[in-house]
Amino acid sequence: RFEQGKFGKAIMVEEGTNNLVPSLAAFTLRDYESRSLTVIEDNMVISTCIAEGDTAFAVKSPKVNVTEGEIYTFSFYAKANGLDGLDGRPSAQYWRTKINWYDGNNTLIAWDMLTDTTLYEYWKRYIITAQAPTGAVKAEVIIGGDLPNFSYVGAKAYFKNIQLEQKPYATSFIDGTRSPERLTIPTAGVLNPQEGTVEFWARTLDLYSRRRDMFTVN
């Protein structure tokens, strides 16, 4: 049974996570001098074409610590404008969004690349989930590549809510660390120790979970 809330939206209770990616101010352009990089509010960076003939756009994070064998998920939102009417035409051979894995000598040993190769003129979330390979101690995330017909001065690629977390799935964005949340509903005057009904829907992404303390009465 669904009861319409006052504001027409769900009450969200989030699990804990740690965004390993540092502040976007630490991001850099990836070897492309004919583009500019701007960090603005809403956890967003913008790569702008500033020279005719430039087809490249990419931003990369500093390297962060990882543990071999653990599962990590890299997620972000992206869109572009100035595509000359292409409206996000696929360009698989140019898309280079990935996680790079490095060993203790700072040598690139492997990478995992995004398989979704379409960029649109509206926001879309992109996700890569991968296992850190044997020997990996550092990782960096790179968003971008070389898109044909993206070479017009003023064309922009937007990236926001960039997150790398040690989880086998993506959670909602947090700039830093999110502690697990708990929803507490006062029951004074509503329930008593002798009677009452509690009803709720729950969904877990962990199919092997054995937790049975989703609801408790104190």
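## Briefing: an all-strand predicted chain

Lys-160 is buried, with a relative accessible area of 15% (buried means under 20% relative accessible area, exposed over 50% and partly exposed in between, using a 1.4 Å probe and protein chains only). Residues are numbered from 1 along each chain as its sequence is written, and side-chain values use heavy atoms, with hydrogens and water left out.

**Confidence**

- The chain has a mean pLDDT of 76, with 66% of its residues at 70 or more (pLDDT is the predictor's confidence in each residue, from 0 to 100).
- Over residues 84-94, pLDDT stays under 50. For that stretch the model has 23 contacts beyond four places in sequence (a contact means heavy atoms within 4.5 Å).

**Overall layout**

- There are 13 strands and zero helices here (both are DSSP runs numbered from the N terminus: helices are H or I with at least four residues, strands are E with at least two).
- Of the 218 residues in the chain, 33% are buried.
- Take the contacts with a separation of 6 or more: 77% of them are between residues 24 or more positions apart.

**The core**

- The largest nonpolar core has 28 residues (such a core is a set of buried Ala, Val, Leu, Ile, Met, Phe, Trp, Tyr and Cys residues joined through side-chain atoms within 4.5 Å). Phe-74, Trp-101, Phe-159 and Ile-162 are the ones with the most contacts inside this core.
- At least two core residues come from each of E7 (71-81), E8, E10 (124-131), E11 (138-146) and E12. E7 gives the largest share, five residues.

- Thr-97 is in the loop between E7 and E8, and its relative accessible area is 0%, so it counts as buried.
- Leaving out residues up to four places away in sequence, Thr-97 touches a list of residues including Phe-74, Phe-76, Ile-128, Ile-142 and Gly-144.
- Met-113 is also touched by Thr-97; the two are 16 residues apart in sequence, with 5.9 Å from C-alpha to C-alpha.

**Salt bridges**

- Searching the whole structure turns up two salt bridges (a side-chain nitrogen of Lys or Arg within 4 Å of a carboxyl oxygen of Asp or Glu).
- One of them pairs Arg-178 with Glu-14, and the closest N and O atoms are 3.9 Å apart. This pair ties together distant parts of the chain, 164 residues apart: Arg-178 is in strand E13 (residues 177-178), and Glu-14 is in the segment before strand E1 (17-18). Arg-178 is buried, at 8% relative accessible area.
- Lys-167 pairs with Glu-15, with 2.9 Å between the closest N and O atoms. Again the link is between distant parts of the chain, 152 residues apart: Lys-167 is in the loop between E12 (156-165) and E13, and Glu-15 is in the segment before E1.
- Lys-167 is buried, at 13% relative accessible area, whereas Glu-15 is partly exposed, at 31%.

**Positive phi away from glycine**

- Asn-106 isn't a glycine, yet it has a positive phi of about 65 degrees. Asn-106 lies in the loop between E8 (98-102) and E9 (108-113), and is partly exposed, with a relative accessible area of 46%.
- Asn-161, not a glycine either, has a positive phi of about 50 degrees. Asn-161 is in strand E12 and is buried, with a relative accessible area of 16%.

**Surface patch**

- Leu-191, Val-198, Phe-200 and Phe-215 make up a nonpolar patch on the surface, together having about 350 Å² of accessible area (patches take residues with over 30% relative accessible area and no salt bridge, joining like charges within 9 Å and nonpolar side chains, meaning Val, Leu, Ile, Met, Phe, Trp and Tyr, within 5 Å).
- Phe-215 is in the segment after E13 and counts as partly exposed, at 41% relative accessibility.

Definitions and conventions: This is a predicted model: local features need pLDDT of at least 70, side-chain atom pairs count only at pLDDT 80 or more; totals for chains, interfaces and linings use all residues. Accessible areas come from the Shrake-Rupley method with a 1.4 Å probe; for residues, only the protein chains shown count as cover.
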